[in-house]
Amino acid sequence: MRIAFFGTKDYDRKWFTKMNEIFNHEIKYLRPRLSNETISLANGYDAVCTFVDTEVNRETLKYMKENNINLLLLRCAGFNNVDLNAAKEYDIKVLRVPAYSPYAVAEHAMSLAMAANRRIHKAYNKVRDNDYSLIGLDGVTLYGKTAGIIGTGKIGTCMAKICKGFGMNVILSDPYPNEAFANEIGAKYVSIEELLKESDLISLHCPLTKDNEDFINKETISLMKDGVILVNTSRGGLINTEDLIDGIKAEKFHAVALDVYKEEDGLVFDDLSNVILEHTTTARLLSFPNVILTSHQAFLTNEALSEIARVTLDNAKMFEEGKDLINEVK
Ligand code: NAI
C-alpha cells in the first residue's frame, strides 16, 4: 500500500523502515502532524498513518474520502482523538495497535517512582556540579511497604509483579478484578478507599473515561497517607493538576512521578527548549524538588517501537488483502 506517515520522528523512521523490509509497502515519511492544512500531502496515497498526539476531525476525514484515502492507521493504542462517527459515515476504516509492550510502560512507571523517591534527578545534577553533599536526597525504602495498583489490565499487572519483586505488599483495585492473577502473585483486591488509605506507593494504570476524569483530586488526595509516592503513566486527565499542586505544597507527597499530565497537549513530542512556556501549571509542577516529569515516553523502548511498526504495517496488509480487520476501531 502507499502510506503517508504524518508527524514522524527519527525513531519512527528507523523502526518502520526496518520492519517494512518484510511488508514492502510504499512509505512517505512526513514531519508535520496530520491536520486540515497538511492532509493534502497525502494526495495519491491509499492510507494515512498518525500517532496518539493528533486529532483527526470530520473535515480531515471528509478530505480523505474525497481523495479516495479509505484507511486511517493509528500507530498507537488510543483512539479517543479520532472522530469515529465521521469515519463511519465516510466508510474510512480505522485500525490501531491495541497492545505493544506493557512491560515497557510498567518498567518506566517503576523507574520514575524510584528516580523521584531517591531524588536521582537532583543527585545527577549535583554531582555534575561537584556538589557531593547528600542534603535533600533522602528517600524511602520500598521493601516491606504497600503498593496500590489502580487498574489491573495489561500494564497494571506488570507493575504489580515489579512491586512484588521489590518485596512490597501489593493491593489492587479494578472494577473487574482478576482474582486468579491476585492469587498467583499473592496480592489482594481492596476497595478504592482502602487502597488510597493504605498505600505508600500509588500507581495509576486505568484508562481515562468520562467517569474517572479528575479521579485524583482534593478528596481522594486527603484519603492518602502522608508521604505517599504517586505515579501516573496512564492518562493526564486522571489527575486534577491544581489539586495535586495544592497537595504537593501541603507536603502530602514524598514524591510525584508523572509521564502524563493534563497540560501535556501542545508540549509532548516536540523540542520547545527555545520557546517560552505558556502553561503555568506545568512550570509550577517542574518547580518542585520531589516531582519528576517525563514527556509521555513510557512506551518508548526498541521492543515496543518494533512491535508498533509490525502491527501497523500488518494492519495495512490485512486491509489491502481484504482480510478480517482484527484491530479495527468501530
Ligand atoms: P487495559 O485495558 O489492559 O487495562 C486497563 C484496566 O483498568 C482494566 O482492567 C479495567 O477494568 C481497569 N479500569 C477501568 N476503569 C477503572 C477504574 N476507574 N479504576 C480502576 N481500574 C479501572 O489497559 P493497559 O494496556 O493496561 O493500559 C492502561 C493505560 O495505560 C491505558 O489506558 C493508557 O492510558 C496508558 N498507556 C500509557 C502509555 C504511555 O506511554 N504513557 C502507553 C500505553 C498505554
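The ligand takes up the space of the largest pocket (a pocket being an open set of points on a 1 Å grid over the protein atoms alone, with protein on both sides within 12 Å along at least five of seven lines). The model is predicted, so local features need pLDDT of at least 70 and side-chain atom pairs pLDDT 80 or more, while totals for chains, interfaces and linings use all residues. Residues are numbered from 1 along each chain as its sequence is written, and side-chain values use heavy atoms, without hydrogens and water.

Around the ligand there are 23 residues, of which Lys154, Ile155, Asp174, Thr233 and Asp259 come nearest (near meaning a heavy atom within 4 Å). This shell divides into 10 nonpolar, nine polar and four charged residues.

A ligand oxygen is 2.9 Å from a polar backbone atom of lysine 154, and a ligand nitrogen is 3.0 Å from a polar backbone atom of threonine 233. At arginine 235, an N or O atom of the side chain is 3.3 Å from a ligand oxygen. The protein covers 78% of the 860 Å² of accessible area that the ligand has on its own (Shrake-Rupley method, 1.4 Å probe).

The model also has one cavity of 30 Å³ or more (a set of points where a 1.4 Å probe fits but cannot get out). The largest cavity holds about 110 Å³ of space. Of its 13 lining residues (an atom within 4 Å of a point), Tyr11, Asp12, Phe51, Arg75 and Phe299 are the closest to its centre. Helix α1 gives the most to this lining, with four residues.

Terms used. Polar contact = N/O pair within 3.5 Å; in protein donor to acceptor, adjacent residues only side chain to side chain. Sits in = over half its atoms within 2 Å of the grid points. Nonpolar A, V, L, I, M, F, W, Y, C, P; charged D, E, K, R; others polar. Points joined across faces, edges and corners; volume = space filled by probe spheres on them. Helix = DSSP H or I, 4+ residues; strand = E, 2+ residues; numbered from the N terminus.
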